[in-house]
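Q: I would like to learn how to read a structure like this one, feature by feature. Could we begin with the surroundings of a single residue and work outwards?

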Amino acid sequence: MAAVSFRDVRKSYTPELQVIHGVSMEIKDGEFIVILGPSGCGKSTLLRMVAGLETVTAGEIAIGDRVVNNLEPKDRDIAMVFQNYALYPHMSVFDNMSYGLRIRGLSSSEISERVNRAAEILELKKFLDRRPRALSGGQRQRVAMGRAIVREPQVFLFDEPLSNLDAKLRVQMRAELQALHRRLGTTSLFVTHDQVEAMTLAQRMIVMNAGRAEQIGAPLEIYARPATTFVAGFIGSPPMNLIPRDGKLLGIRPEHLEPCAASDAMLTIDVDLIEPLGADILVYGHIGDRDSARVAARLPADAKVQAGKLAVRYAPGNVHWFDQASGRRID
Amino acid sequence: MEKRVVFRSAWLPYVLVAPQIVITILFFFWPAVQAVWFSFQLQDAFGLKTQFVGLQNFTALFKDGNYLESFKVTALFSVLVAFSGLAVSLLFATMADRVVRGALAYKTLLIWPYAVAPAIAGVLWAFLFAPSIGIVTYVLKGMGVDWNWIIKGDQAMLLVVIASVWKQISYNFLFFFAGLQSIPKSLIEAAAIDGAGPLRRFWTIVFPLLSPTTFFLLVVNIVYAFFDTFGVIDATTQGGPGQATNILVYKVYHDGVKAADLGGSSAQSVILMVIVIALTVVQFRFVERRVQY
């Protein structure tokens, strides 16, 4: 296990095309870090630079106290789980998991001990002789994790490992991942575009946008105090409402709006879409004329709403302010 | 799900396939049946008398030292062509797979030899290696090698192997290249992270995943070496010197057309037919059923 440091890490493919614009972060030993962002934001590139699959154009990446910029992937003591699992299709589950150990020249008793221990944890014992194609998606995912675990690396790297699973399995694997991290305590970097995965798995997360780290922090801290309008809009579903007010942007989360009498109204929503979800109701509409900002509100399930004017209010403490030009938070 | 086209007319589908069937019957089945028929007969040199001799043509063949020698030559030739052809093309395909810039140019150049007719390929290499005027011969002489395939059997064999392999590289290259491209990059990356160096990655990951392609190409190349190399042989060594490059398919032509032994030549082509049928069965049985990863 080890700490990981990014020191002003940059990546460009050509002088004009820069994809990572200087990311800095200190990851503590044993921490579970999620790198979150929309597709094309450079999150996978950042992870692949840690793995050694992409070169680092400028800056430093350190694992433990070693700068790994110029080390081969095999010398970095990391293990990676790929989005498509990248299992070797012509090898059995056992051979898949032991491939790296055999290359490192471990004794066969040591190898079978480690593989069996990992198979035990991941409930793969009865599949050890099977080929990957004879396994379900969730089982393949576990084999991919098993292959990472047996190596006992300093850092686990996950590149969107859950995005090929169906919704139900994804929830289950999320829980298993959490349990696994609690058990092994290995420093982990997890890339995803799914904010629910990020919120539930991360001890801290990096929200990335267009090659920059927009905000780094604990999930709830980021949810409570988004640093930019991008983060405010990316995290939370529906995202935070951003309403122009006095040359600034007023941010208010949908769940912080509550219906009130017309005389107390702080906002009046012209409702055009109502989505009852059972536990609560989502209400969408405009404030003022058609061209103005769209607003969403999350109301309790028993609220009586209908299309037309809806008066809502909010507690002043729940308001966020952002600079309209830069999108930065104003405190 | 199978898609079926249903014709309302009873005769239209037959009319549509008729040209293909007529050509197949005229140029494939009829000669094949004729060959079988002739293989049971003995004809005099002027074609005046024909006598039914049963299997005597076949028994005579297997007692004929020349024919058995030709079998050995063919075996050696096809093994050399198939293995060196596959090895060289696999090497080229792996190298082309790594190229990022100008990949299309390399691919196009590598595919060109396929458009050259076998006889022309043969002539080209025969010129390059010609004992008196060949440029390669000149270079070899400079290196102290006495090169004269006209009189040296093993050199003649080497020449026809080189010409045949050169001709077939494009075909093999295309299949290997497509096979390499279909291996997910993440597999190679996973192996790299697992600690495997480039050579080890190739032999433990890439090569096994290519094995369906390799097996398919092996069969195709053996068939090629057996049959399609006629042009190369005829344009260069014509089976010589002695019997050094007299492969089975060339011997069929030589015995039938030049030596006017129609019955014996037919018997040989019947044996070749059996071989190609066997290879086709192997192809369908094993290649088609191979599991695709």
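A: Leaving aside residues up to four places away in sequence, A:I35 touches A:K43, A:L46, A:L47, A:L189, A:V191, A:I206 and A:M208. This is a predicted model, in which local features need pLDDT of at least 70 and side-chain atom pairs count only at pLDDT 80 or more, while totals for chains, interfaces and linings use all residues. Residues are numbered from 1 along each chain as its sequence is written, and chains are lettered from A and ligands numbered from 1 in the order in which they are written.

Q: Which residues touch the most other members of the largest nonpolar core?

A: A nonpolar core is a set of buried Ala, Val, Leu, Ile, Met, Phe, Trp, Tyr and Cys residues joined through C-beta atoms within 7 Å; a residue is buried if 20 or more other C-beta atoms lie within 10 Å of its own, exposed if 12 or fewer, and partly exposed in between. In the largest core, which has 96 residues, those with the most contacts to other members are A:I33, A:I35 and A:L157. Helix 4 of chain A (residues 137–150) supplies the largest share of this core, 6 residues. Another core, of 39 residues, lies apart from it and includes B:W147, B:W149, B:F173 and B:I233.

Q: Is helix 4 of chain A largely enclosed or left open by the rest of the structure?

A: Helices (H or I, at least four residues) and strands (E, at least two) are DSSP runs, numbered from the N terminus. Of the 14 residues of helix 4 of chain A, 11 are buried, so the helix is largely enclosed by the rest of the structure. Among these buried residues are A:R140, A:R142 and A:R147, together with A:V143, A:M145 and A:I149. They pack against strand 6, helix 2, helix 3 (108–121), strand 7 (155–159) and helix 5 (167–184) of chain A. Helix 4 of chain A reaches 20 Å from its first C-alpha to its last, close to the 20 Å expected at 1.5 Å a residue, where the expected span is 1.5 Å times one less than the number of residues.

Q: Where do positive phi values occur in residues other than glycine, as with A:A86 and A:D246?

A: A:A86, with phi near 50°, has its place in the loop between strand 6 and helix 2 of chain A, and it counts as buried because 24 C-beta neighbours lie inside 10 Å. A:D246 also has phi near 50° and is found in the loop between strand 11 and strand 12 of chain A, but it is exposed, with 8 other C-beta atoms within 10 Å. A:E152, which follows helix 4 of chain A, has a positive phi near 50° as well.

Q: What is the order of the strands in the open sheet of chain A?

A: Strands of a sheet pair through backbone hydrogen bonds, either parallel or antiparallel, and here two strands pair if DSSP finds at least two bridges between them. The open sheet has 4 strands in the order 11-12-18-19, with antiparallel pairing. Strand 11 (241–245) and strand 19 (329–330) of chain A stand at the edges with a single partner strand each, so one side of each has no neighbour in the sheet. Strand 11 pairs with strand 12 (residues 248–252) of chain A over 5 bridges in the antiparallel sense, and A:N241 stands opposite A:I252. In the loop between helix 8 (229–234) and strand 11 of chain A lies A:P238, and the peptide bond from A:S237 to A:P238 is cis, with omega near -5°.

Q: How many residues does each chain give to the contact between them?

A: Chain A gives 17 residues and chain B gives 15. On the side of chain A, strand 6 (78–81) and helix 2 (93–103) are the elements that give two or more residues. By class, that side has 12 nonpolar, 3 polar and 2 charged residues, where Ala, Val, Leu, Ile, Met, Phe, Trp, Tyr, Cys and Pro count as nonpolar, Asp, Glu, Lys and Arg as charged, and the others, Gly among them, as polar.

Terms used:
Contact = placed C-beta atoms within 7 Å.
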